[in-house]
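Here are a few friendly notes to read alongside the structure.

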Amino acid sequence: MGKQNITEFDGLDLELFFCTEILKLNSLHYGYWEESEELTQSDKLTLECLRDGQQRYTDMLMAMIPENVKSILDVGCGIGDVSRALAKLGYNVTAISPDSNHGKYFENHSPGLTFLQTKFEDLDIDDKFNLILMSESQNYFPTEIGFRRCASYLLPEGYLLVAGMFRKDDRCQIVEIPNTIEDYTKIAEKHSLLLIESVDITRNILPTINFMCESMQNYVEPGVKMLNHFVSSTSPLKTSFIKFIFRKQINKILQIYSYYRKKMDPLLFTKNVVYAKLLFQLQ
Ligand SMILES: C[S@@+](CC[C@H](N)C(=O)[O-])C[C@H]1O[C@@H](n2cnc3c(N)ncnc32)[C@H](O)[C@@H]1O
């Protein structure tokens with residue numbers, strides 16, 4: 001899909017800033033909750049609880065890595081928390097992402113780890129790996145190209161571990177998600193990657209969406225209303241002038257806001273999306 005980063009504005013990645021500087025999160029990915037009391041009490045989520053959930057997500061991913069794996073390519077590594085956790089466990093990790101803001105954060109927080117600022121489609125290295133990880137990144141590049149690249153960067157009998165969103169069925173209304181698990185698996189097979197494990201974790205990650213949705217309703221929306229009140233408290237002529245001067249910024253904020261309203265709508269999510277972790281092996 002070759003998506004541009006919708007949250008970047010004049011060199012500042014607003015999502016990255018919001019998550020790391022305001023919410024003080026260490027990760028950009030979803031949180032994970034076991035089917036337990038914690039899951040049913042998701043409406044009582046706190047930021048601390050979300051941070052713990054994100055750590056559990058990383059642990060849950062690492063628990064899926066087969067025993068004989070030594071080297072890992074982390075494709076679309078974000079700010080690198082998963083890469084750092086993998087390196088701590090002794091894996092030899094190479095991390096890639098085309099995003100320069102993520103890259104800067106990664107390099108500042110991960111001394112000694114290899115980071116390459118590149119798209120997976122453009123990666124050009126000689127190394128091969130026991131496992132390729134795509135944590136919430138598989139929808140950022142064309143599926144076919146992604147699998148082709150995996151087949152060429154995996155060592156014999158290597159693994160591809162994918163965790164992320166898939167279309168629930170063909171009626172899915174979210175265009176950014178191109179495949180159902182079935183479609184994805186069929187395309188993988190064409191590239192000799194066979195599905196050996198598949199777990200639907202939609203319910204386990206859902207508290208993240210509930211939390212973000214509530215945060216938007218409780219904090220972001222009143223904040224925007226307050227700003228609007230300040231701007232509108234002057235004369236209509238001045239208000240129009242201010243809105244004209246800042247039209248580029250206002251439009252960008254509205255664009256990001258409607259993107260997140262859709263992305264963080266729990267009903268829309270459960271109706272359209274399956275969140276799964278899939279393990280493939282090269283045959
Ligand atoms: C939602 S973030 C996931 C980050 C991280 N894997 C995690 O679990 O927190 C998606 C990541 O994919 C990266 N990405 C976007 N386009 C890409 C591409 N064409 N090739 C590789 N990575 C890409 C983004 O820059 C970002 O780092």
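This is a predicted model: local features need pLDDT of at least 70, side-chain atom pairs count only at pLDDT 80 or more; totals for chains, interfaces and linings use all residues.

1. The shell around the ligand is made up of nine nonpolar, eight polar and four charged residues. Of the 21 residues around the ligand, the nearest are G76, G78, D99, S135 and Y140.

2. Seven strands form an open sheet in the order 5-4-3-6-7-9-8, and their pairing is mixed. Strand 5 (114–116) and strand 8 (193–200) are at the edges; each has a single partner strand, so one side of each lacks a neighbour in the sheet. On average, neighbouring strands here are turned by 20° against each other, direction ignored.

3. Within that sheet, strand 3 (residues 71–75) pairs with strand 6 (residues 129–135) in the parallel sense, over three bridges. Opposite L73 you will find I132 of strand 6.

4. Helix 4 (residues 81–88) is worth a look too. Helix 4 lies across strand 3, strand 4 (92–96) and strand 6, and runs at about 170° to strand 4.

5. Last, a helix pair. Helix 6 (residues 143–153) packs with helix 7 (residues 181–190) at an angle of about 45°, their axes being 9 Å apart. That angle makes helix 6 oblique to helix 7, and the crossing is right-handed. Helix 6 brings T143, E144 and F147 to the contact, where they meet Y184, I187 and A188 of helix 7. By type, the residues of this contact are four nonpolar, one polar and one charged.

Terms used
Residues are numbered from 1 along each chain as its sequence is written. Axes are lines fitted to C-alpha atoms, for helices over the stretch in contact, and angles run from 0 to 180 degrees between N-to-C directions. Helices (H or I, at least four residues) and strands (E, at least two) are DSSP runs, numbered from the N terminus. Angles under 35 degrees count as roughly parallel, over 145 as roughly antiparallel, 65 to 115 as roughly perpendicular and the rest as oblique. A crossing is left-handed if the near helix is turned anticlockwise from the far one by less than a right angle, and right-handed if clockwise. Two residues are in contact if their C-beta atoms, placed from the backbone, lie within 7 Å. Ala, Val, Leu, Ile, Met, Phe, Trp, Tyr, Cys and Pro count as nonpolar, Asp, Glu, Lys and Arg as charged, and the others, Gly among them, as polar. A residue is near a molecule or strand if its C-beta atom, placed from the backbone, lies within 6 Å of it. Two strands pair if DSSP finds at least two bridges between them.
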